[in-house]
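Good morning, colleagues. Please look at the sequence and the structure on the screen while I go through the sheet and the helices packed around it.

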Amino acid sequence: MHDISGLFPAHENLGAISVERAVAELRAGRPVVLAEATGRLLVYPAEQLDKTSAETLERIGGARLILSMQRLERLGVARDAPGLIALPRIDLDRIAALIMDEEARIDAPVVHPIPAEEAALDLLRLAQLLPAAILIKLDAPVAGVNEVAGCDIRAFRARKITSLRLIGRAPVPLEGATHSEIVVFRGGEGLRDQAAVIVGTPDLAGPVHVRLHSACLTGDLFGSLKCDCGDQLRHTAKFMAENGGGVILYLDQEGRGNGLSNKIRAYGLQAQGHDTYDADEILGFGLDQRRFGYAARMLDLLGVTRVRLMTNNPKKIEALRAAGLDVSDQRIQGRPTPQNIHYLATKRDRAGHLLDVDVPTAED
């Protein structure tokens, strides 16, 4: 047998690699096996179910559906943790209703999951899929199916922070900030690269203007009026160019970490009258799935230790302080529009965003 361990980069951890492979398998609609000391579980993403996969899972037998705490609450069950529902049959219509239908209600007893089963939900979140999976206990490994350890899933985010590394950098003149440089880092969650935009020549010895900006395809690129993201991004770059420079961390965390597909699903629910957080909860997500540990690591690699954070989100301030950075804040927000004013009010009233404009309460 050949030893190829030398082909793996020194910073890589084989456990983290197995998680990345599992994420890729789930996103492709293929099952994975989750291994714990208590045994093995076959994990299949509920949103990927079709007639063929349902028939296969039913032949194996013993299937259960795990749902997040938020989705169970929407189904009428008050919970402080995820829960499991037995599936005597793999009924596509029933499962589709349980994972996405805003009018659905629970139709069976809910039992508490063990840690291995909760790890399956964490794996789905890393894959940016709906937090709902078909789980089946297995007696033995399954040939040809990727296997991942629960302990590696739980350690994945911390390992990815430490393995983050700078890949390349180049000057890129931007509108309103012609003296800018883009720096790319490899790492973060889910096999995605991250970028920093260094505007001007900030003094890294003093407090540096910094913005943590989560990618927003609809707002940043297409100018959506439903949010203020694009405004904040462009205003920040212009402000930094005119005020001694700064650093924008452009983080691949679309839809508050839920991913683009779930963000658009949530937009569909918003079009039916739900606010931004209710829409996410109907899909099974909490108020905010984002984590900013690797943003702090990016700043560390750039040599930034003192931050003047341009934000209206107190959680970003708390996250950087928890990572050991010296943080003060400077408020920023985009234009209120008829299309986003209730969105801004909801962020203020439900998530504590520090918005200074006169917007109505979320109930108005």
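Let me begin with terms: two strands pair if DSSP finds at least two bridges between them, and helices (H or I, at least four residues) and strands (E, at least two) are DSSP runs, numbered from the N terminus. This is a predicted model, in which local features need pLDDT of at least 70, side-chain atom pairs count only at pLDDT 80 or more, and totals for chains, interfaces and linings use all residues. Residues are numbered from 1 along each chain as its sequence is written, and side-chain values use heavy atoms, with hydrogens and water left out.

First, the sheet. Six strands form an open sheet with mixed pairing, in the order β4-β3-β5-β2-β1-β6. Because β4 (83–86) and β6 (147–149) stand at the edges with a single partner strand each, one side of each has no neighbour in the sheet. From one strand to the next, the twist averages 35°; axes here are lines fitted to C-alpha atoms, for helices over the stretch in contact, and angles run from 0 to 180 degrees between N-to-C directions.

Within the sheet, β2 (residues 39–45) pairs with β5 (residues 132–138) in the antiparallel sense, over six bridges. In this pair, V43 stands opposite L135 of β5.

Next, the helices. Helix α1 (residues 14–27) lies across β1 (32–36), β2 and β6, and runs at about 130° to β6. Contact means heavy atoms within 4.5 Å.

How do α1 and α5 pack? Their angle is about 75°, and their axes are 9 Å apart. This makes α1 roughly perpendicular to α5, given that angles under 35 degrees count as roughly parallel, over 145 as roughly antiparallel, 65 to 115 as roughly perpendicular and the rest as oblique. From α1, V19, A22, V23 and L26 meet L123, L124 and L126 of α5. The contact of α1 with α5 has seven nonpolar, no polar and no charged residues. For these classes, Ala, Val, Leu, Ile, Met, Phe, Trp, Tyr, Cys and Pro count as nonpolar, Asp, Glu, Lys and Arg as charged, and the others, Gly among them, as polar.

Helix α5 (residues 115–126) also packs with helix α6 (residues 150–163), at an angle of about 45° and with the axes 9 Å apart. That makes α5 oblique to α6. Here P115, A119, D122, L123 and L126 in α5 meet G150, I153, R154, F156 and R157 in α6. The residues of this contact of α5 with α6 divide into six nonpolar, one polar and three charged.
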